[in-house]
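Here's a quick briefing to read with the model open beside you.

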Amino acid sequence: MVATDPAVTLDVLRMECHVLRSDRDLVACLERDCADYAARKTAGTDDIAAGMRGYVFALADDGAAVEAALGADRRLLLAGRSNGWARGFYLLDTADLAVARTWFALASGGEVVLHPWYGSVNLAVREH
């Protein structure tokens with residue numbers, strides 16, 4: 001999949017793999033995405049953007065502080081640190097950078113860099 005990503009093939013982005021934790025059932029999310037796409041295609045459109053929405057992706061120097069402050073917050077959709085790195089990366093259930101900044105005000109220490117990010121609407125779906 002990565003080999004065909006336009007941003008990767010144009011050398012705008014490079015692929016990195018990191019372990020993430022999430023209380024979301026990501027397999028179920030993928031299954032919902034596939035079903036939603038099939039339904040859109042049956043309805044006459046295969047516009048993948050129809051199944052996307054905005055989020056905020058954050059990189060934090062002090063991942064432990066962020067996880068202590070936001071670890072139980074349901075707005076934290078994905079969290080990860082790689083191979084013992086102190087730095088963490090996080091996906092937040094908001095598209096508003098200003099709102100995300102207020103959440104990180106709770107975490108002490110280190111710089112946090114926020115980026116707009118787009119992903120599946122199903123990442124934010126709460127399973128029963």
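Let's begin with helix α2, residues 26–42, in this predicted model.

- Which residues of α2 are buried? They are A28, C29 and R40.
- Looking down the axis of α2, you'll find these buried residues within an arc of 110°, so they line one face of the helix.
- Strand β4 is included in what covers the buried residues of α2.

**The ends of α2**

- At the start of α2, D25 reaches in with a side-chain oxygen, which comes to within 3.2 Å of the backbone nitrogen of V27.
- Just after α2 comes G44, whose phi is positive at about 105°.

**The aromatic pair**

- How many aromatic pairs are there? The count is one.
- The partners are Y55 and W117: their ring centres are 6.0 Å apart and their planes sit at 50°, so the pair is tilted. That angle falls between the cut-offs of under 30 degrees for stacked and over 60 for edge-to-face.
- Y55 is in strand β1 (residues 52–60) and W117 is in strand β4 (residues 112–120), so to speak a link between distant parts of the chain, with 62 residues from one to the other.
- Buried or exposed, where does Y55 fall? Y55 counts as buried, because its relative accessibility is 1% and the cut-off for buried is under 20%.
- W117 has a relative accessible area of 33%, which makes this residue partly exposed.
- Y55 has another neighbour too: R53 lies over the face of its ring, 4.1 Å from the ring centre.

**The chain as a whole**

- The protein chain has four helices and four strands.
- Reading from the N terminus, the elements go α-α-β-α-β-β-α-β.
- Of the 128 residues in the protein chain, 29% are buried.
- Take the contacts in the protein chain with a separation of 6 or more: 72% of them are between residues 24 or more positions apart.

Conventions: Residues are numbered from 1 along each chain as its sequence is written. This is a predicted model: local features need pLDDT of at least 70, side-chain atom pairs count only at pLDDT 80 or more; totals for chains, interfaces and linings use all residues. Side-chain values use heavy atoms; hydrogens and water are left out. Rings of Phe, Tyr and Trp (its six-membered ring) pair if their centres lie within 6.5 Å; planes under 30 degrees apart count as stacked, over 60 as edge-to-face and the rest as tilted. Helices (H or I, at least four residues) and strands (E, at least two) are DSSP runs, numbered from the N terminus. Buried means under 20% relative accessible area, exposed over 50%, partly exposed in between (1.4 Å probe, protein chains only). A charge sits over a ring if NZ of Lys or CZ of Arg is within 6 Å of the ring centre and within 35 degrees of the ring normal. The expected span of a helix is 1.5 Å times one less than its number of residues. The arc is that of the directions from the helix axis to the C-beta atoms. Contact means heavy atoms within 4.5 Å. A polar contact is a pair of N or O atoms within 3.5 Å; within protein, one must be able to donate a hydrogen and the other to accept it, and residues adjacent in sequence count only if both atoms are side-chain atoms.
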